[in-house]
Amino acid sequence: DAGHYDTGGYEHYLLKEISEQPETITRTMSGRLDERFHVAHLGGLNMDARETRGFRQVKIIGCGSAYYSGQIGAQLIEELARIPADAEPASEFRYRNPVVDPDTLYVAISQSGETYDTLAAVQELKRKGGRVIGIVNAVGSAIAREVDGGIYLHAGPEVSVASTKAFTSTSVAFALLALHLGRVRDLSPADGRRIVDGLRRLPGQIEQILAQGEEIAELAKKYAPHPSMMFVGRVRGYPVAREGAQKLKEISYVHAEAYPASELKHGPLALIGPEMPTVAIVPDDELLDKNLTTLGEIRARGGRVLMVGHRAPDAKLADDVIVIPKNEIELDPILLTIPLQLLAYYAAVALGRDVDKPRNLAKSVTVE
Ligand code: G6P
């Protein structure tokens with residue numbers, strides 16, 4: 001159906017796909033949230049409770065934005081299920097001859113399901129007896145066929161090269177997986193309910209952020225002319241910063257670096273000055289004070305700050321602020337991502353770039 005693939009009145013597929021996110025994450029959650037027992041139903045995993053309880057570690061692999069959403073996923077699993085979890089680029093994983101452990105749950109992430117590095121990593125894992133599940137958007141794709149089970153995103157076709165709706169749907173799928181792993185272990189019914197209720201609030205909150213599109217477009221016009229931008233965040237904010245920098249690089253060609261906020265002083269602070277502004281991810285969580293201290297350090301070096309968070313700080317600490325709705329702290333990264341997508345989109349438009357087909361990039365890299 002060709003109508004399915006047109007821009008639906010939007011100027012670019014990218015803006016259409018950003019705008020669809022309230023619906024696409026709703027589809028990812030659909031039929032999977034249990035209001036009564038505060039659990040997630042993930043039948044596609046093909047795993048009983050005993051097996052689910054047995055994993056001692058979770059290892060997540062993917063490329064590009066899929067890898068960054070995997071970092072969000074690793075944090076969700078550690079926080080909600082208290083299982084050690086980490087993410088790694090699929091290519092690095094496969095080239096370094098990894099130790100494949102029978103008590104580890106491997107998770108391969110791919111929007112297209114066709115990325116060669118991710119597919120080859122899955123094949124290597126299976127060759128060595130690893131248990132691999134997929135978080136995939138494209139139904140029946142090569143990776144979906146190769147894994148032992150998984151979670152389909154149901155986000156619909158993503159056309160624009162830069163990933164947006166698949167990124168948020170993957171993060172939501174990880175919240176479901178973390179809830180599922182948590183509730184067969186030690187996550188209490190009360191905490192399960194807190195997460196289920198938080199997930200339900202996300203689509204409406206994304207609408208609220210999308211309604212700020214014009215203000216974000218103005219900010220994008222103001223910051224886009226800088227040759228380089230720094231993105232910083234701590235813990236939950238760090239993968240958000242990485243994905244924000246990636247989006248900006250991919251579609252506006254503005255150089256961007258992402259650093260954990262605490263690492264600034266160990267090197268990149270030398271770059272900070274009026275010509276290199278910082279986008280700071282500052283959620284209202286237990287690290288708020290630490291993050292505000294970082295803003296002070298940037299400002300003291302003459303650096304401009306665009307803060308994304310839940311409330312405006314002292315005017316001395318930020319030049320501009322994008323305020324977004326608050327959810328449960330574990331789910332904040334999903335919402336913090338949205339303004340950065342819009343910022344990159346409007347920066348690319350302001351600079352006259354080919355938004356949906358950036359130079360040198362392909363939607364899915366099916367070769368080595
Ligand atoms: C390409 C795209 C990226 C994407 C990555 C992984 O490099 O340009 O936007 O994140 O592949 O794609 P996948 O389909 O595996 O999620």
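Predicted model: local features only at pLDDT ≥ 70, side-chain atom pairs only at ≥ 80, totals over all residues.
Reader: Where do I start? How many helices and strands are there in the chain?

Author: Begin with the inventory. The chain has 13 helices and 12 strands. Its radius of gyration is 20 Å, close to the 21 Å that the globule rule gives for 368 residues, so the chain is as compact as a globular protein of that length. For the outline, picture a box of roughly 55 × 45 × 40 Å along the principal axes, filled by the C-alpha atoms.

Reader: Now two helices. At what angle do α8 and α9 pack?

Author: Give each helix an axis with a direction, then compare the two. Helix α8 covers residues 165-183 and helix α9 covers residues 189-210. Their axes lie 11 Å apart, at an angle of about 165°. Angles over 145 degrees count as roughly antiparallel, and α8 and α9 are therefore roughly antiparallel to each other. Their crossing is left-handed.

Reader: Which residues of α8 and α9 meet?

Author: From α8 come Val172, Ala175, Leu179 and Arg183. From α9 come Gly192, Ile195 and Leu199. By class, this contact holds five nonpolar residues, one polar and one charged.

Reader: α8 also packs with α4. How far apart are their axes?

Author: The axes of α4 (residues 65-81) and α8 are 8 Å apart, and the angle is about 25°. Angles under 35 degrees count as roughly parallel, so α4 is roughly parallel to α8. The crossing of α4 and α8 is right-handed. On the α4 side, the contact includes Ser65, Ala66, Ile72 and Leu76. On the α8 side, Phe167, Phe174, Ala178 and Leu181 are among the residues. The contact of α4 with α8 has 13 nonpolar and six polar residues, and no charged ones.

Reader: What about α10 and α13? At what angle do their axes cross?

Author: They cross at roughly 55°, and the axes come within 8 Å. Helix α10 spans residues 213-223, and helix α13 spans residues 332-350. That angle makes α10 oblique to α13. The crossing of α10 and α13 is right-handed. Residues of α10 in the contact include Ile216, Leu219, Lys221 and Tyr223. Those of α13 include Pro339, Leu342, Leu343 and Tyr346. Sorted by class, the contact of α10 with α13 has 11 nonpolar residues, one polar and one charged.

Reader: Last, the ligand. How many residues surround the ligand, and which are the closest?

Author: For a ligand, list the neighbours, then sort them by class. Here 16 residues surround the ligand. The closest are Gly64, Ser110, Gln111, Ser112 and Thr115.

Reader: And how do the residues of that shell divide?

Author: The shell around the ligand has six nonpolar residues, nine polar and one charged.

Conventions
Residues numbered from 1 in each chain as written. Axes fitted to C-alpha atoms, helices over the stretch in contact; angles between N-to-C directions. Helix = DSSP H or I, 4+ residues; strand = E, 2+ residues; numbered from the N terminus. Parallel < 35°, antiparallel > 145°, perpendicular 65-115°, else oblique. Left-handed = near helix turned anticlockwise from the far one by under 90°. Contact = placed C-beta atoms within 7 Å. Nonpolar A, V, L, I, M, F, W, Y, C, P; charged D, E, K, R; others polar. Near = placed C-beta within 6 Å. Rg over C-alpha atoms; globule rule 2.2 N^0.38 Å.
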